[in-house]
Amino acid sequence: MYEYNDIVQISGLDEELKVGENTITLKLSSDGKEVIYTIKVTREEKLEIDETLHTNAEPEKQKTERIIVSIPLIWFIVLEVALVIVSATVTVFVMRYLKNSKGKKTKN
């Protein structure tokens with residue numbers, strides 16, 4: 001089981017995604033053990049803009065920053081548990097509401 005001091009590293013997002021297939025790697029490390037997940041993302045080509053319609057517009061240059069995320073795995077686990085609890089609670093309330101509304105219709 002993973003502990004509070006476990007590390008999550010994400011690579012492949014340090015540059016803007018290129019047109020075509022991109023690979024993002026998620027690496028989980030704990031006590032010398034390592035699990036690696038690979039995510040493939042395909043980006044389509046941008047549509048060309050007719051410059052005659054935008055004669056006064058200057059394209060803004062975006063700054064690209066290197067993104068490296070390294071946080072304890074426990075935060076991912078806590079978030080996932082919280083999402084499951086919220087989903088289960090909403091499901092229970094909806095089921096109870098539907099059961100109560102169905103029971104009221106059959107009594108009338």
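Modeller: Y97 has its place in helix α1, which covers residues 73–107; helices here are DSSP runs of H or I with at least four residues, strands are runs of E with at least two, and both are numbered from the N terminus. Y97 counts as exposed because its relative accessible area is 58%, where buried means under 20%, exposed means over 50% and partly exposed lies in between, with a 1.4 Å probe and protein chains only. Together with V86, V90, V94, M95 and L98, Y97 makes a nonpolar surface patch of about 610 Å². Such patches are made of residues with over 30% relative accessible area and no salt bridge, with nonpolar side chains (Val, Leu, Ile, Met, Phe, Trp, Tyr) joined within 5 Å and like charges within 9 Å; the areas come from the Shrake-Rupley method with a 1.4 Å probe, and for residues only the protein chains shown count as cover.

This is a predicted model, in which local features need pLDDT of at least 70 and side-chain atom pairs count only at pLDDT 80 or more, while totals for chains, interfaces and linings use all residues. Residues are numbered from 1 along each chain as its sequence is written, and side-chain values use heavy atoms, with hydrogens and water left out. Confidence in the protein chain is highest in α1, at a mean of 87, and lowest in strand β4 (residues 69–72), at 70; pLDDT is the predictor's confidence in each residue, from 0 to 100. Over the protein chain the mean pLDDT is 77, with 72% of the residues reaching 70 or more. Where pLDDT is low, the predicted coordinates should not be read in detail.

As for the rest, the protein chain holds 1 helix and 4 strands, which run β-β-β-β-α from the N terminus on. Of the 108 residues in the protein chain, 7% are buried, and the accessible surface comes to about 10000 Å², 59% of it belonging to carbon and sulfur atoms.

One of the buried residues is N22, classed so because its relative accessible area is 7%, and it lies in strand β2 (residues 20–30). A polar atom of the N22 side chain is 2.8 Å from the backbone oxygen of K18. Apart from neighbours within four places in sequence, N22 is in contact (heavy atoms within 4.5 Å) with L17, I39, K40, V41 and R43.

K40 also forms a salt bridge with E21, with the closest N and O atoms 3.7 Å apart; this pair links distant parts of the chain, since K40 belongs to strand β3 and E21 to strand β2, 19 residues apart. A salt bridge here is a side-chain nitrogen of Lys or Arg within 4 Å of a carboxyl oxygen of Asp or Glu, and by this rule the count comes to 2. K40 is exposed, with a relative accessible area of 51%, whereas E21, at 47%, is partly exposed. In the other salt bridge the side chains of E34 and K27 meet at 3.6 Å, N to O; E34 is partly exposed at 48% relative accessibility, and K27 is partly exposed at 26%.

K27 leads on to Y37, which is found in strand β3 (residues 33–43): the two residues are 10 apart in sequence, and their C-alpha atoms are 6.4 Å apart in space. Y37 is partly exposed, with a relative accessible area of 44%, and, not counting residues up to four places away in sequence, it touches I24, T25, L26 and L28.

I24 is also in contact with L13, which likewise touches I67 when neighbours within four places in sequence are left aside. L13 lies in the loop between β1 (7–11) and β2 and, at 32% relative accessibility, counts as partly exposed. Across the protein chain, residues 24 or more positions apart account for 45% of the contacts with a separation of 6 or more.

How values were computed:
A polar contact is a pair of N or O atoms within 3.5 Å; within protein, one must be able to donate a hydrogen and the other to accept it, and residues adjacent in sequence count only if both atoms are side-chain atoms.
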